[in-house]
Amino acid sequence: MVETINAKTKTPAQRDSAGLEMAHAIQSGVPDSSADNAPPCARSPLDVAARDTSFGSRHGTLAQQIAQCREAGAQVLRAQSFAKRAQLLRQMQAGLAALAQSSRAPEDAILSDPGFAQGLVRMKQLVAMATRSLPDQKMILRDTLRPCAPCDPAAAPGPDRQVRMRLKQPGNGLAAHVVANQASFSNLLERLSLAILSGRSALLCVSPTAQPAALGLCRLLRSTGALPESVLHVVPVIEAEVLLPHLQRGDVITLCAAPSHTATFHAHPKVLEGSLRLGSCQASHAALLLAPEFNPAPADWDLFLDAVAAVHETASFATCVLVPASLEERAQDRLRAVYGAVSRGAEALCSAPETPAPHAPRITLVAYRDTQSVLEVLRRFPGQRSLTVLSRQHGFLGDFVASLAPCLDQINVFSPETARAAAASSSSAVANPIAAPVEDNILALLEFYLEESEITGPATLLTQVSGIWVEGVPVREGEHPFRKPLSRLKVGDHLRSADRIVRAEDVEAFGHLTGDLFYAHMDEVAARNHPFFDGRVAHGQYIMALANGLFVDPAPGPVLANLGARDLRFFAPVYFDTALYVTLTCCCIGPLNRAGAAEVQWSCQVRRSDDDTRVAQFDLLTLVAAQWPPQPAPRA
């Protein structure tokens, strides 16, 4: 990992005006055609970027570069669906991974960097989450559709009824990432990945110390041929008063900077008035706490050092190691053996070093006496704060963690046993058992980058806008939808099943088969005394099973598997000798996976045949093949 350092930010007056106006743009596609006859060790992207003085001069002023990034670059991404952008990110990750496995990797400053390997793992995780969760549409439905006025239960919803939906979609702006210290490759790759998935072009605003690494990484991305044109730009500007006047409403900014530098962004008028959305991408300060009862054995000191290393990787500017006073000397000896100079005492946390070293954030060892002294130390941290705790007695941690939580952004608790088990089960060469848990909700990660809007209009219009079938919109009947592969299946394809009468003997058989002998299904006298039943009723799960039997097509076909159901609701009791039917409508179609299939969501409604009263409703999820019959595999 290229470690971060504090960069002394120059004022605009101190910068060379020509250098300030010049921006470095990374264009994608075909790599530079000029051949370099230097040996491989001299042709690393880091070195090329550092000595390529003509690169920035051919792309215009800072304002022009930002305009190109916002307009030309973003148009490429916004024209694609979320699923297509996930596929694009997969291609980029695969290209970088191939370079990391190539023969040039050991001699390349970036490809051989552990932080680059960590970044590739994170990109792969993001690709997996995005492929699994993001739709093959340009918008994401935020919540269920809501009619604008109460509906008459007896009246069928029509195509012109007013419906309200909340959507998440890419904004019109760019995603600027300010790196006011030396760049971390894993951080840069994650920021770029989230920007691309959200449909925003990325503007990397880097300090002089971060510029070579950022440009070198972009050169690698360009060499893969997977980076779209004008999607990524690098500009050597990190001052709020210089950068923010060129940004506009809809742009978003993340920061990797010291709290003092971050404060200049928070205080800028555009941020204060809400024109620009400002976020942070990582904790400014991180801490590791040895619980009072830890008392490490010799082997546990190795775990302690592993934990310090993991925490140190996530800290931007300071790593605080909190140990019981009785362990202070032993902890200091082991830290100095690995890291050299180690600061001591809480006072050192907020004091700047006299001579900043090239390896930062620095480590500060602090001894504590009790919970209150730990709180006093953690409250000194400016900006975002995270804490990792090593403890064997989790009973002790209950009150302790509850006391710490209000002054921290993140707390991760580990015991030596669980950490070793995680290390033993990990298949990744760069995984760390003490590292913070991976966020498994891609929508939560993209929340900052996406814009939310509420649209009210006729159901037909909202179906066209969102690509999701809305109840009341005309449907298409004919061939059974389960006989259609993805190549012929369309949103709105519909089936009305045959009728099925609910018989007492079937309900009783279902009850005995499943063991659900609840009196409302099995005992007529007891059921009549129920608060709102007039007699025995069918099991809700029997109604759902009956529905599946009514719409299923038993012959082999493009529907490969039932993936489950969601949002199941029962609206009315079903008495014996009642005739029911089911409607099945293709609601939305997910992205095609690498196996040549996609998840399809179906809206299912169970209704009484005599008066069309809705008795149950759920969304069915199935896996549907793109082609049917399946194409024969090519012969070897």
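Angles under 35 degrees count as roughly parallel, over 145 as roughly antiparallel, 65 to 115 as roughly perpendicular and the rest as oblique. The model here is predicted; local features need pLDDT of at least 70, side-chain atom pairs count only at pLDDT 80 or more, and totals for chains, interfaces and linings use all residues. Residues are numbered from 1 along each chain as its sequence is written, and side-chain values use heavy atoms, without hydrogens or water.

Start with helix α4, residues 82–100. Helices are DSSP runs (H or I, at least four residues), numbered from the N terminus. The end C-alpha atoms of α4 lie 27 Å apart, which agrees with the 27 Å that its 19 residues should span at 1.5 Å a residue. That span is 1.5 Å times one less than the number of residues. Buried residues (under 20% relative accessible area, 1.4 Å probe, protein chains only) of α4 include F82, R85, L88, M92 and L99.

Now turn to α7, residues 211–224. Its axis comes within 9 Å of the α4 axis, and the two cross at roughly 105°. Axes are lines fitted to C-alpha atoms, over the stretch in contact for helices, with angles from 0 to 180 degrees between N-to-C directions. The two helices are therefore roughly perpendicular. Contact (heavy atoms within 4.5 Å) involves M92, G95, L96 and L99 of α4 with L220, L221, S223 and T224 of α7.

Helix α5, residues 114–133, also comes within 9 Å of α4, axis to axis, but crosses at roughly 155°. This pair is therefore roughly antiparallel. On the α4 side, the residues that meet α5 include A86, L89 and Q93; on the α5 side, they include F116, L120 and K124.

Definitions and conventions
Buried < 20%, exposed > 50% of the residue type's maximum accessible area, 1.4 Å probe, protein only.
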